[in-house]
Amino acid sequence: MESLRALIEKVAVTDANVLITGENGTGKEMLAREIHRLSGRKDKELVSVDMGALTETLFESELFGHVKGSFTDARTDRAGKFEAAHQGTLFMDEIGNLPYHLQSKLLTAIQRRSVVRVGSNHPIPVDIRLICATNCNLQEMVEKSTFREDLLYRINTIHVEIPPLRDRKEDIVPLAERFIEKFCKQYNKPVATLDREARNKLREHLWYGNIRELEHAIEKAIIISDSSLLSAQLFQLSRKTENSVAGISTLEDMEKQMIRKALDSCGGNLSAVAAQLGITRQTLYNKMKKFGL
């Protein structure tokens with residue numbers, strides 16, 4: 001992580017496009033915000049857009065904006081995400097979920113450094129720093145013709161891979177302590193500390209949900225604790241082992257299994273499935289389409 005930090009400090013001061021990859025929950029958006037904070041654009045906006053949650057019909061309107069009357073609900077002119085991020089940073093999360101036929105439109109905007117609002121013919125210059133993130137293997141998607149190679153080159157000037165939390169166990173307790181401070185303040189409780197057994201338990205857990213899973217575990221412990229000393233018993237962690245996931249060849253296989261299991265347990269109720277998985281309905285639709293579910 002120290003070498004990653006050194007790379008970020010070098011990259012942040014440039015305007016180079018950055019692609020951040022890593023498993024779900026590793027902190028890709030947090031890293032994007034840190035790059036923006038360290039950049040010369042820090043006084044301007046960082047605009048985030050979840051590409052997995054964008055419907056295909058609203059893609060152009062959301063990113064490029066629209067003019068009044070261009071479609072039924074277009075009652076006023078509206079700027080898109082590119083214009084909102086002018087002179088700042090545009091963060092595109094889940095870039096790997098963008099349908100292939102829309103990727104060319106995104107590429108055109110990036111190459112021309114301008115956008116055309118829906119219903120207009122007038123190009124609007126935009127000056128953005130682009131940061132993208134994904135848990136997908138984009139090179140593999142290029143080979144399968146599901147992601148454009150020319151778009152990958154455009155967004156991948158600098159590639160930053162965030163290792164999973166289980167591969168950097170020395171970060172677990174410091175991160176836990178940061179979350180403890182955050183949630184003690186949020187729930188108006190005295191600052192708590194981890195006892196020795198709790199520290200060991202957190203270090204030994206494999207954290208397949210990464211930083212997000214750790215944050216949720218700490219929040220739950222702070223809520224239910226009656227003491228300023230957090231014991232191991234407060235952390236009821238899932239008992240996944242490396243052997244239990246050895247048969248899962250890729251993260252996509254794991255994700256597919258999770259969605260299928262949730263579909264079964266919720267009787268096919270997509271709203272309930274999305275809520276259980278902690279994603280939007282649109283992201284769920286996209287993933288079901290991707291996995292053929």
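Student: In which strand is Ser 114 found?
Tutor: This is a predicted model, in which local features need pLDDT of at least 70 and side-chain atom pairs count only at pLDDT 80 or more, while totals for chains, interfaces and linings use all residues. Residues are numbered from 1 along each chain as its sequence is written, and side-chain values use heavy atoms, with hydrogens and water left out. Helices (H or I, at least four residues) and strands (E, at least two) are DSSP runs numbered from the N terminus, and the run that holds Ser 114 is strand E4.

Student: Is Ser 114 buried or exposed?
Tutor: Buried means under 20% relative accessible area, exposed over 50%, and partly exposed in between, with a 1.4 Å probe and protein chains only. Contact means heavy atoms within 4.5 Å, and, not counting residues up to four places away in sequence, Ser 114 touches Ala 109, Pro 123, Ile 124, Pro 125 and Val 126. Its relative accessibility is 17%, so Ser 114 counts as buried.

Student: Within what arc do the buried residues of H5 fall?
Tutor: Helix H5 (residues 100-112) has 13 residues and reaches 19 Å from its first C-alpha to its last, close to the 18 Å expected at 1.5 Å a residue, where the expected span is 1.5 Å times one less than the number of residues. The buried residues of H5 are Leu 102, Gln 103, Leu 106, Leu 107, Ala 109 and Ile 110. The arc is that of the directions from the helix axis to the C-beta atoms. Seen down the axis, these residues line one face of H5, because they fall within an arc of 160°.

Student: About how far apart along their helix are Glu 29 and Arg 33?
Tutor: The side chains of Glu 29 and Arg 33 meet in a salt bridge, 3.1 Å from N to O. Glu 29 is partly exposed, with a relative accessible area of 33%, and so is Arg 33, at 41%. Because they are four residues apart in helix H2 (residues 28-37), their separation is about one helical turn.

Student: Which residue meets Lys 182 in a salt bridge?
Tutor: The N to O distance of this bridge is 2.6 Å, and the pair links distant parts of the chain, 33 residues apart, with Lys 182 in helix H8 (residues 172-186) and its partner in helix H10. Lys 182 is partly exposed, with a relative accessible area of 40%, and the residue it meets is Glu 215.

Student: How many salt bridges does a search of the whole structure find?
Tutor: Some salt bridges are joined, as Arg 5, Glu 9, Glu 34 and Arg 37 are linked in a network. For the whole structure, the number found is 15.

Conventions:
Salt bridge = Lys/Arg side-chain N within 4 Å of Asp/Glu carboxyl O.
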